[in-house]
Amino acid sequence: MTGPTRRDLFKLAGLALAPAALTACAGNGGTVGPGTLTSAARLPQPYTLPLPIPVPAKPARSGADGDHYDMTLKESAAEILPGYSTTIWGYDGTFPGTYLEARSGTPLIIRQTNLLPVPAATHLHGGITPPSQDGFPTDLLYPRGLAHLASGHTAHGGHAGHGGHAAMHDPHAQVSVHQRTYAFPMRQRAATLWYHDHRMDFTGAQVWKGLAGLCVVRDDREDALPLPRGDREIPLLICDRAFDADGQLAYPATDASLLGAPGMDESIMGGARGDVILVNGTPWPYLEVDAARYRLRLVNGSNARRYELRLDGPADSVLTQIGGDGGLLATPVRHTTLRMSPAERFDVVVDFSRYPVGSAVTLVNLADTGGAGKIMRFQVVRKATDDSRIPDRLSDIPALMPDGARRQLVFSRNGSQWQINGKPFDPATPHLRPAFGVTERWTILSVERHPFHLHGAFFQVLGRGSAGPGPYDAGWKDTVEMAPGAELHLAVRFDAYRGRYLAHCHNLEHEDMAMMATLQVG
């Protein structure tokens with residue numbers, strides 16, 4: 001007996017789709033694709049500003065119970081564009097936020113204080129955390145000035161009675177005022193993680209304003225490998241923004257205060273893209289490098305922009321992937337280009353000894369043109385000794401063999417509302433109830449282009465359609481791109497914690513328009 005067809009699965013979700021809808025493209029054009037916001041401010045020439053290198057924060061204290069940090073969410077001013085003072089919302093008032101380094105097996109304990117004018121919810125993206133620490137969109141931390149709203153809490157964190165698709169009561173929400181503590185166990189492999197705001201209905205706007213930061217997890221097994229390290233290990237948080245004539249971040253939210261009814265201008269309902277590419281918060285920077293191997297920890301922190309990265313220089317483009325969302329791959333994978341959807345991470349090694357000293361090697365984005373087609377530039381400035389290498393074997397990754405339920409999630413659009421399985425998000429009603437400790441086979445289908453993200457577990461890509469995994473699907477994943485009309489087969493196993501998690505589109509504007517599914521793992 002043959003399994004259900006892709007059209008059958010769309011019908012199971014209650015969707016009547018015309019043939020053209022199954023192949024609709026929401027990429028760089030079309031009525032549902034991301035909209036690009038154009039800057040009015042004076043922009044710098046690309047490759048004239050140095051790349052900031054994040055420095056890991058030091059714990060306020062360390063003990064048997066873990067490493068403790070104090071973190072304040074606050075508004076501050078930053079000079080992102082030369083000559084302008086831009087208001088941002090940042091973790092510790094910086095953009096990107098505080099750079100965290102964690103040790104596998106050592107809990108990461110963060111006491112957050114909210115001095116912003118809005119509620120917030122922080123998600124450690126890629127963290128395997130208990131549900132209470134996962135940054136569920138309704139688990140809001142209110143500032144003191146809005147303490148009176150916490151008692152009338154609605155899902156979007158504004159005034160009760162505003163209406164809209166998310167003004168619903170969540171009986172399971174954990175609401176705090178002024179301060180709360182996140183305790184992340186960090187019982188997981190070394191990997192490149194990041195953290196960002198996850199507030200119901202306002203994630204896109206609040207991340208755009210600066211609420212995102214990097215977190216790198218390290219362990220003994222990875223430390224023992226002869227990979228590039230120290231000054232030759234560079235985290236790169238890539239995102240895009242647009243700026244108004246005064247140098248302020250331009251984002252057309254329905255209510256600029258982000259306290260009233262949720263919503264956004266129709267131009268970005270397909271996803272917000274800016275025309276300025278920022279790397280570690282700096283537009284189109286440059287970095288001077290030795291003629292040696294470098295490890296680049298790439299993070300796509302954009303709301304909706306996907307990248308197709310390539311090195312443009314006097315030698316062929318070679319990006320050797322050694323890691324992904326969930327840490328090291330089993331073996332290295334060599335790419336000439338690297339496609340990254342929002343929230344994906346790729347660890348790559350670039351050997352700059354292949355380029356003559358004096359070379360300029362430009363990281364470009366083949367998915368776009370103009371300013372959005374430029375990322376950053378590496379300037380090879382000196383010869384140097386290099387004792388690093390890329391092992392043929394990086395780590396052991398046991399293959400997940402599905403032996404449990406088969407499930408489907410269908411990502412689609414109904415008018416102006418993004419849906420999963422024909423339903424908008426409801427925090428109190430699970431879309432799925434995955435079994436704990438069992439490997440399930442999930443089929444994910446998509447009408448438009450969406451980055452699929454799963455909370456609470458990593459997964460393995462079994463195949464795309466009738467083929468095997470794609471070239472960027474290796475290793476443990478928590479985020480994967482679905483092309484228009486895509487059919488993905490995943491092996492999913494929740495074996496860390498029971499409770500409430502999410503699966504959702506990581507195009508943040510789609511997420512804010514209810515393209516999320518509640519999961520009850522038990």
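The structure is a predicted model, in which local features need pLDDT of at least 70 and side-chain atom pairs count only at pLDDT 80 or more, while totals for chains, interfaces and linings use all residues. Residues are numbered from 1 along each chain as its sequence is written, and side-chain values use heavy atoms, with hydrogens and water left out.

The overall form comes first. The chain holds 5 helices and 34 strands; here helices (H or I, at least four residues) and strands (E, at least two) are DSSP runs, numbered from the N terminus. With a radius of gyration of 22 Å, close to the 24 Å that the globule rule gives for 522 residues, the chain is therefore as compact as a globular protein of that length. This radius is taken over C-alpha atoms, and the globule rule is 2.2 Å times the number of residues to the power 0.38. Along its principal axes, the C-alpha trace spans about 65 × 60 × 55 Å. Of the 522 residues, 60% count as buried (buried means under 20% relative accessible area, exposed over 50%, partly exposed in between, with a 1.4 Å probe and protein chains only). The chain exposes about 18,900 Å², and carbon and sulfur atoms supply 50% of that area; accessible areas come from the Shrake-Rupley method with a 1.4 Å probe, and for residues only the protein chains shown count as cover. Among contacts (heavy atoms within 4.5 Å) with a separation of 6 or more, 78% come from residues 24 or more positions apart.

The sheets can be followed strand by strand. Two strands pair if DSSP finds at least two bridges between them. Strand β26 (residues 406-414) runs antiparallel to β27 and is joined to it by 4 bridges, with Arg413 standing opposite Trp418 in β27.

Another open sheet, also mixed in its pairing, places 5 strands in the order β17-β25-β24-β19-β22. Its edge strands, β17 (286-291) and β22 (337-340), each pair on one side only.

Strand β18 (residues 293-300) gives a picture of an enclosed element. Because 7 of its 8 residues are buried, β18 is largely enclosed by the rest of the structure. Strand β13 (residues 233-241) pairs with β18 in the parallel sense over 6 bridges, and Leu237 has Val299 in β18 as its bridge partner. Strand β23 (residues 345-351) pairs with β18 in the antiparallel sense over 7 bridges. Tyr294, which lies in β18, has Val350 in β23 as its bridge partner. Tyr294 counts as buried at 4% relative accessibility. Leaving aside neighbours within four places in sequence, the contacts of Tyr294 include Pro228, Ile234, Val348 and Phe352. Ring pairs also link Tyr294, Phe352, Tyr355 and Phe378 into a cluster.

The aromatic pairs complete the account. Rings of Phe, Tyr and Trp (its six-membered ring) pair if their centres lie within 6.5 Å; planes under 30 degrees apart count as stacked, over 60 as edge-to-face and the rest as tilted. By this rule there are 12 aromatic pairs. The rings of Tyr91 and Tyr195 have centres 4.9 Å apart and planes at 65°, so this pair is edge-to-face. The pair links distant parts of the chain, with Tyr91 in strand β4 (residues 86-91) and Tyr195 in strand β11 (residues 191-197), 104 residues apart. Tyr91 is buried at 0% relative accessibility, and Tyr195 is buried at 3%. The rings of Phe452 and Phe459 have centres 5.9 Å apart and planes at 50°, so this pair is tilted. Phe452 is buried with a relative accessible area of 1%, and Phe459 is buried with 0%.
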